[in-house]
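Here is a walk through a predicted model. Please keep the sequence and the structure in view as you read.

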Amino acid sequence: MAEPSTPGAHRDADHPGTARFGAYFDAASTEPPHPAARAALLEALDAGWADPARLYGTARGARVLLDRARARVAGVLGARPDEVSFTSSGTQAVHLAVLGGLLARRRAGRHLVVSAVEHSSVLHAAEAHEREGGEVTVVGVDETGRADPAEFAAALRPDTALACLQSANHEVGTVQPVAEVAQACRGAGVPLFVDAAQSLGRADVPDGWSLLAGSAHKWGGPAGVGVLAVRKGVRWRSPLPDDERERRRVPGFENVPAVVAAAAALEAYRAEMEAEAPRLSALVDRVRAEVPRTVPDVQVVGDPVRRLPHLVTFSCLYVEGEALLTELDRLGFAVSSGSSCTADTLRPSHVLEAMGVITHGNVRVSLPRDVRADDVDRFLAVLPDVVARLRRTTPNDPTPNGPTPNGPALNPTTDDPAADDTTTDGSDTSTFETGRRSRP
Amino acid sequence: MRFRGRAKNGAAPAAPPPPAEASPGPPPVLVIDALGRKCPIPIIMLAERIREVPVGQVVAVLADDAAARTDVPAWCRMKSQDFVWEETLQQGGWGFHIRRTY
């Protein structure tokens, strides 16, 4: 089953999360295309190519498809269709929500409140606001990655123009207290933007948002479709040059076929999640329980209960995240990591930093719909050996044959006296006093 | 705002406030030089050598990988060691002071 990865290998049509060569556990980055999206996209490519702003028959047909898609998405969001606009990405929806929400309330003030664990698109928009002379307050999180509603409420001021809180965290899965924060925002007269990209389609949309953003490829729709929702009565003004499209909210010609596919996928996905989310959640519970039992020196992070159904993150002490990802990929498992060595900038994830948890050796497992339970079991079966092997070969491996300071042996499954000689990095590992290792 | 994001052109992390003149802890009896080493190496060196100092004494790890600022205190919490303080080094990087508790 664990065949080496083959580029271009076929996907199993019945199990989009499972390529024939291995298992796809990176749904939080992007969900494999939903069959409903594929069918709707093919149909709409032929029926929905015309300009929905024109008045002739084919154009009116495209307009009908677009509006129908809008109504379907609005239904899942619990919104009115005229509150929903389609953008060209989730990131664009976030940028428009944050900057447009701020711009419309400029008279109230230029103060923005965000949580420390928002998606980078929110934080980059906040940085842009700061560069333009605005002020930003970042609300911290506890060790599970959850923002404290009281702390969030305390950050609101008379000149606060907008507050931003994600529905759930994209890296560790912790669900945020949106309802409580929304209540505080309502009390203070501050609109709340909820970035729901990671939860939309998987869980109910939390109540109390003023602005909301989502991304279609996270629920099995096509890439290049985002959703921006602005509640009736909430002030919003486009930060971009004027354009007539999407009720003057989003510039550019609508991608009707992709929007139709996104809406079809969202409806189907949301319906399936009634049964699928509990199944995925049970698999995540299994990972959360098994990994610390079978792998020594592991920290499973994020809230164990108030969490997304499909996502779990853990950090393995003394291992490079990149090495872990590479080795798991070789065995046919696609996962992601928040460790610095896996980032372009060699900076660890701002989420793990804000939580104050171990950032190296980090693995995020996020399960797509229809993931096979036996793939998860296979992952759990190979992980202990992968981690043990990497710890053996990491330069400056501490006490490869002995216990770590608090008891359990680092590599209980191995007792290889030659482990000291298996360092992969021959360059400067000897500069560290290998002969002076503290041993029991 | 202190978003130390992973954007390619992201600014360097804001330096923490300079440490008070009087250090908040006793001098270390062992200093581990992990400057220039990427995480997890500084953590590995710390785990490997903390037993060289007597229980109750302080070991310092010098590192300039920003991940160590999160990982050293997180390791201490996980291992029930006592993270005493972080100093900013003149030459760049940080010194992390840890008291061995057992």
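How many bridges join strand 9 of chain A to strand 10 of chain A? There are four, and the two strands run antiparallel. One facing pair is A:Val298, which stands opposite A:Cys316 in strand 10 of chain A.

Now widen the view to the sheet. Three strands of chain A form an open sheet in the order 9-10-12, with antiparallel pairing. Strand 9 (298-301) and strand 12 (362-366) of chain A each have a single partner strand, so they stand at the edges and one side of each is left without a neighbour in the sheet. From one strand to the next, the twist averages 20 degrees. In general, strands of a sheet pair through backbone hydrogen bonds, parallel or antiparallel.

Next, the domains. Chain A is divided in two. Domain 1 takes 23-32 + 275-413, and domain 2 takes 35-269. Their C-alpha centres lie 30 Å apart. The contact between them takes 25 residues from domain 1 of chain A and 25 residues from domain 2 of chain A. On the domain 1 side, strand 10 (311-316) and helix 10 (350-355) of chain A each supply at least two residues. The residues of that domain 1 side divide into twelve nonpolar, seven polar and six charged.

Finally, turn to chain B. Chain B has two helices and four strands. From the N terminus on, its elements run β-α-β-α-β-β. Chain B holds 102 residues, and buried residues make up 40% of them. Among contacts in chain B with a separation of 6 or more, 65% come from residues 24 or more positions apart.

Technical notes: Residues numbered from 1 in each chain as written. Chains lettered and ligands numbered in written order. Predicted model: local features only at pLDDT ≥ 70, side-chain atom pairs only at ≥ 80, totals over all residues. Domains from an automatic or database assignment. Contact = placed C-beta atoms within 7 Å. Nonpolar A, V, L, I, M, F, W, Y, C, P; charged D, E, K, R; others polar. Buried ≥ 20, exposed ≤ 12 C-beta atoms within 10 Å, placed from the backbone. Pairing = 2+ DSSP bridges. Axes fitted to C-alpha atoms, helices over the stretch in contact; angles between N-to-C directions.
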